[in-house]
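Thanks for coming. I will go through one model today, starting with confidence and ending with a few single residues. Please have the sequence and the structure open.

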Amino acid sequence: MITRQNTRPQSQPPLSLRGIHVPLVTPFTAGGEIAAEALEALAHEVLDAGAAGIVALGTTAETAALDEAERDLVTDVCARVCAERGGLLTVGAGASGTRAAEASLARLERWPGVRAALVTVPPFVRPSAAGVLAHFARLTEVSPVPLVVYHVPYRTGQPLDAGALRALGELPGWPG
């Protein structure tokens, strides 16, 4: 995991990923709708148990199966709970390509409490090492929040070895 520091023009302190940040599943009703009350209870439960933050819309959250309105609902619920409880909120904003990831990151402006974005190498595209660097370089330019590179090689088909992570760390805007 590597993070880029926040360039969001707000009075938030620098990002600290200390402690446990729990990726939440997305609960559903029997009818297939998002169970917002159950999601809210789950978010409270993990923060009550001592988590420093929650991760919404990660790969444990059925993100690929949710439409935009459903992803917004999940983010709304998690942002509200984190604001009430002082927890840090990270939101999955990865996508199948750079332009789609840019759009996903831009949407995070709607939730000022979002502290970081979880972003993968584009799945299915399988870019070269240079393509991976270009992808993250572009995202660092446009992201309103720090990026957390989420390494999921079985989903992306692209392993990020130590050399690739070092190269990402050398991109402008990433901590040294």
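**Confidence first**

In the protein chain, mean confidence is highest in helix α1 (residues 36–48), at 98, and lowest in helix α5 (residues 153–156), at 79. The score here is pLDDT, the predictor's confidence in each residue on a scale from 0 to 100. Helices and strands are DSSP runs, H or I of at least four residues for helices and E of at least two for strands, numbered from the N terminus.

Two sentences on conventions. This is a predicted model, in which local features need pLDDT of at least 70 and side-chain atom pairs count only at pLDDT 80 or more, while totals for chains, interfaces and linings use all residues. Residues are numbered from 1 along each chain as its sequence is written, and side-chain values use heavy atoms, with hydrogens and water left out.

The average pLDDT of the protein chain is 87, and 89% of the residues score at least 70. Over residues 3–11 the pLDDT stays under 50, and for that stretch the model has 32 contacts beyond four places in sequence. A contact means heavy atoms within 4.5 Å. Where pLDDT is low, the predicted coordinates should not be read in detail.

**Overall layout**

How many helices and strands does the protein chain have? The count is six helices and five strands. Along the sequence, the pattern reads β-α-β-α-β-α-β-α-β-α-α. Among contacts in the protein chain with a separation of 6 or more, 75% are between residues 24 or more positions apart.

The protein chain has 176 residues, and 45% of them count as buried. Buried means under 20% relative accessible area, exposed over 50%, and partly exposed in between, with a 1.4 Å probe and protein chains only. The accessible surface comes to about 8700 Å², with 57% of that belonging to carbon and sulfur atoms. Those areas come from the Shrake-Rupley method with a 1.4 Å probe, and for residues only the protein chains shown count as cover.

Start at strand β1 (residues 21–23), which runs parallel to β2 and is joined to it by three bridges. Strands count as paired if DSSP finds at least two bridges between them. V22 has I54 as its bridge partner in β2. β1, α1 and β2 form a right-handed β-α-β unit. Right-handed means that, with the strands pointing away from the viewer, the path from the first strand over the helix to the second runs clockwise.

Next, strand β2 (residues 53–56) pairs with β3 in the parallel sense over four bridges. Here I54 has L89 as its bridge partner in β3, and A56 stands opposite V91. From β2, G53 and V55 point one way and I54 and A56 the other, and all are buried.

Are the residues of strand β3 (residues 88–92) buried or exposed? Five of its five residues are buried. L88, T90 and G92 lie on one side, with L89 and V91 on the other. β3 runs parallel to strand β4 (residues 114–119), with four bridges joining them, and V91 stands opposite A117 in β4. Together with helix α3 (residues 98–107), β3 and β4 make another right-handed β-α-β unit.

**The cores**

A nonpolar core is a set of buried Ala, Val, Leu, Ile, Met, Phe, Trp, Tyr and Cys residues joined through side-chain atoms within 4.5 Å. The largest one has 39 residues, and I54, L89, L108 and F136 touch the most other members. Helix α2 (residues 68–85) gives the most to this core, with six residues. There is also a second, separate core of five residues, including L15, V55, A116 and L118.

Back to I54: beyond four places in sequence, its contacts include V22, V46, C78, C82 and L89.

**Two single residues**

H135 lies in helix α4 (residues 129–142). H135 counts as buried because its relative accessible area is 3%. Not counting residues up to four places away in sequence, H135 touches G97, T98, A101, V119, T120 and P122.

R155 is in helix α5. Why does R155 count as partly exposed? Its relative accessibility is 42%.
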